[in-house]
Amino acid sequence: MATPQTQRATGLWAGLQEKFTEQLHVRLESIVVLVGLAVIMSILSPFFLSVSNFMNILLATSTIGILAIAATFVLSSGGLDLSIGSVLGLSGVVGASVAVNLGMPTPIAVFATIGAGALAGLVNGWVITRGFVPAFIVTLGMLGIARGLALVISDGRVIYGLPDWMLFLGQGRPFGIPMPVIILIVVAIIMHIVLAYTRFGRHTLAIGDNENAALTAGINVDLHRLTLYTLSGGLAGLAGLLFATRINSGDPTAGISYELTAITAAIIGGTNLFGGRGSILGTIVGALIMGVLQNGLNLLAVQSYYQQMAIGAVLILAVFIDQFQQRQETKV
Amino acid sequence: MSNTTKKCAVGMAVLTWFVFSAPTSAEGYGILMKTLANPYWGAMGDGVEAGAQGAGVDYYIQAVESDQAAESQLNVCNTMLERQPVAMITAAINSTNLLPCLKSAQEREIKVVDLDENLDPAILDAAGIEITFSIGSDNVLAGAQGAEYMVSQLGADVIGPVLVIEGLSGNITGEKRATGFADKLTELAPGLEIVASLPGDWDRGKAANITNDIMTRNPDLVGIFAANDGMALGAVESVFAAGRGGDVIIIGVDGNSDAVKSIKAGRLTASVAQLPYLVGKQALENVKTAIEGGYVETNVIIPTLVLTKDLIDAGTEPLLEFVK
Amino acid sequence: MSLLAAVGIEKSFGSVSVLHGVDLTLDAGEVVGLVGDNGAGKSTLMKIVTGMYQADSGLITLEGENLLDLTPGARRARGIEMIYQDLALAKQQDVASNIFLGREPTRRIFGVSLVDRHRMKREAQAMIDRLGAELPVITRSVGSFSGGQQQSVAIARALTFEPKIVIMDEPTAALAVREVQSVLDLIRQLKSQGIGVILISHRLNDVLSVTDRIVVLRQGRATANLVTKETTMADIVSAIVGGGDVAVAAAHEARG
């Protein structure tokens, strides 16, 4: 089985790349792009570089960031969850309803919010693994069902007036850091460790990479998938909680088309759309790239239509660079 | 050290150097709209710019991608505060989504103006937010004017079904117009029964569908009141497609350019014209007055005008100038 | 007692009946070749042994223990390994990840079970060295390796956990001459270690050179159980095709 010995990667850049990928499970290029973008924005606008603006960026990214974490897990396993935006809306409405209309204490409302999301995810996972219906279709259906259910529960109206303890989750600022940002960071760290360093995470990637390999390795792929979709729904529920507490209301129209933004962030961060590769840290960087772009363009008073074009362009560019690199690797 | 590393290092240094530097202070008015897609908001944007230019102040206008993007608007609002405007003039998507940002603005002593009365005073009180003033049309009055016109055309003794198409659920503007219309209608013509009052979410397509469904249920529909022109025009299409154009009185609210065209063509019956251009212009002028310490009423009402084919053709009404 | 015994295996996919009652035995240290034409049911039979498919009826035992209720993972843990024709590798993961997939070693940090990557890397490298395979940096994704290198990884995966039985499905089909000999040498090595090997292959020359017995599957039945030493190419071919122009077919096969 002798083959010509291939050269070890040379140069500081390639060396750094390998280190980042192996140790931290994140692509170095994504981080460089983020920093580069930040530098450009700070040159173009004097308002960009300030602690309070950075907090704004993190705060604006918090909801999408949690959704993107959900998307990363599901995409890494070769699946797809199009319902997370609607589930975000549904969860927020459920939580607000429990807190305001039913008058339940905050912990129960919080549990109900995340639980509603997890339940929706469980239903998704069940139909996908038992019913043999493709994930695209199941989650597309759930997208409509969850949104409709949110409108039914709320009677189409915003449910206003959450209790103080609950509001703290979205509007509190312990030590000057907004709570959603703290929650995002904690969840991101935990989820990064799960995906990169635990058996569950490695199996998730393997299932997306080659489902057959996972099956022959003795992994219970169906159960694993069920767990992933439930996790995705639960995270969407958490995002719904953050959203509702940020604007102090259960809004049935919350999260419309957020699933696409979340998937975009995951892909910009290096997740493979078809499965087998993904990193939470990368996804957060991807979400921040979008956040910095939007924030910077807002500060420069560029209309939101151009912002959408810019994000679309960044997405294509990110995937192009990624594909280019894959080619380079296999050429060696 | 390779080139890339050098660049990285320089970048890092620059970033660290600036992180805690204070940004240069700025003046100017921040104006946050919903979306510029609807001609109503486009006209208001024009009025705002005219007012600002007339007042000779710096300003920046932002909008979001749709009039349902609640969180987006909140994020943009927060970002606009970073530019340290002296006043924030906002048209909130619903009565609660901008509250954290407005609270923040208040803490930074930035004057807050409610453009087009999207905020609920009760909610503002509960949140402890004091706005400098709110300016807009009296939406309840606008709805009532719609009812008056409908009764004037149909007669006070007529019996028949009427459809009301509401705005986006939870939006106070839509609620006021619908309620204003309904109350006045009952008062003037008890024989005209509102058989359905459904939210059209400011969407032309949705309104068209609602109209179709209700016409199927009530083929003898005599009147439709829609809380904005976009939805009214959707209803118009459905009514004419069903061959009942001319048998149904259709009234919208806003008086935007699309509505005016439709009225001239004899399709839309009437629109209670808000004067968005005037609202925008006067909002800016009033902000300048407020900042210079002058007096501005807390609730500035801009009048509304019922636009009909006759009125437009005659062209003598002075307020027509502000219908863009 | 045989190491592995499959008795009366039947399997249908919908209305298509693939296996009509197949018997197969394997002893420790024995190399059995499994041959047959396309569609004869070779891969299906082996997937039933590893647990990927469920047999409709029949019995499978390993050292006397009934395997039928065990999941693929459990059977692997009992020492049944298979190297698939398409290798079943996760192409975007690295060598160590592939070798240890499903049985990653863990260590506890602050009460949480995390994968022990140092150990994985160390042991994977050791196994690769033992196989004498020359691979580029083992932390690169296996998708960037050549076909032969990828197969080394698949083989390493099968051998790392001290298997009792190794099943190889067309292991030499896509290899260069030198690589083919390496595989055959490996099979001989496994034999000498007392591991049972089942070799599925179209290349009858390879089968003749390395096996002790040859089982021929034809149309879902084991039609011949030949002792290799006493068998010729013509015998095998005639059993595979069951009549017809045996001489031509044998000549064709002899050319490799």
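Because the model is predicted, local features need pLDDT of at least 70 and side-chain atom pairs count only at pLDDT 80 or more, while totals for chains, interfaces and linings use all residues. Residues are numbered from 1 along each chain as its sequence is written, chains are lettered from A and ligands numbered from 1 in the order in which they are written, and side-chain values use heavy atoms, with hydrogens and water left out.

Start with chain C. An open sheet of six strands runs in the order S6-S9-S10-S3-S11-S12, with mixed pairing. Helices (H or I, at least four residues) and strands (E, at least two) are DSSP runs, numbered from the N terminus. Two strands pair if DSSP finds at least two bridges between them. Strand S6 (80-83) and strand S12 (221-227) of chain C each have a single partner strand, so one side of each has no neighbour in the sheet. Neighbouring strands are turned by 20° against each other on average, direction ignored. Axes here are lines fitted to C-alpha atoms, for helices over the stretch in contact, and angles run from 0 to 180 degrees between N-to-C directions.

Now take the pairings inside this sheet. Strands of a sheet pair through backbone hydrogen bonds, either parallel or antiparallel. S3 (residues 31-36) and S11 (residues 213-218) of chain C are parallel, with five bridges. Val35(C) has Val216(C) as its bridge partner in S11(C). S3(C) also pairs with S10(C), again in the parallel sense, over four bridges. Asp169(C) finds its bridge partner in Ile200(C) of S10(C).

How many residues of S10(C) are buried? Five of its five residues are. Buried means under 20% relative accessible area, exposed over 50%, and partly exposed in between (1.4 Å probe, protein chains only). Gly196(C), Ile198(C) and Ile200(C) point one way from S10(C), and Val197(C) and Leu199(C) point the other way. In a regular strand the side chains alternate between the two faces of the sheet.

Helix H8 (residues 233-241) of chain C lies across S3, S11 and S12 of chain C, at about 25° to S11(C). Contact means heavy atoms within 4.5 Å.

Chain C holds another open sheet, of four strands, in the order S2-S1-S4-S5 with antiparallel pairing. Its edge strands are S2 (16-26) and S5 (65-66) of chain C, each pairing on one side only. Two bridges join S4 (residues 57-62) of chain C to S5(C). In S5(C), Asn66(C) is the bridge partner of Thr61(C). Helix H1 (residues 42-50) of chain C packs on this sheet, touching strand S1 (4-13), S2 and S4 of chain C. Its direction makes about 65° with that of S2(C).

Next, the cores. A nonpolar core is a set of buried Ala, Val, Leu, Ile, Met, Phe, Trp, Tyr and Cys residues joined through side-chain atoms within 4.5 Å. The largest has 104 residues, and those touching the most other members include Phe48(A), Ile66(A) and Ile280(A). Helix H13 (residues 280-299) of chain A gives the most to this core, with eleven residues. Beyond four places in sequence, Phe48(A) touches residues including Met41(A), Phe54(A), Val292(A) and Leu299(A). A second, separate core of 49 residues includes Leu135(C), Val197(C), Met233(C) and Ile240(C).

Arg225(A) lies in helix H11 (residues 221-246) of chain A. Is this residue buried or exposed? Arg225(A) is buried, with a relative accessible area of 14%. Outside four places in sequence, Arg225(A) contacts Ser77(A), Thr129(A), Ile207(A) and Glu211(A).

Last, the second largest pocket. It holds about 870 Å³ of space. On a 1 Å grid over the protein atoms alone, a pocket is an open set of points where a 1.4 Å probe fits, with protein on both sides within 12 Å along at least five of seven lines; lining residues have an atom within 4 Å of a point. Grid points are joined across faces, edges and corners, and a volume is the space filled by probe spheres set on the points. Of the 42 lining residues, Tyr258(A), Thr261(A), Gln294(A), Glu65(B) and Ser72(B) lie nearest the centre. H3(B) gives the most to the lining, with seven residues.
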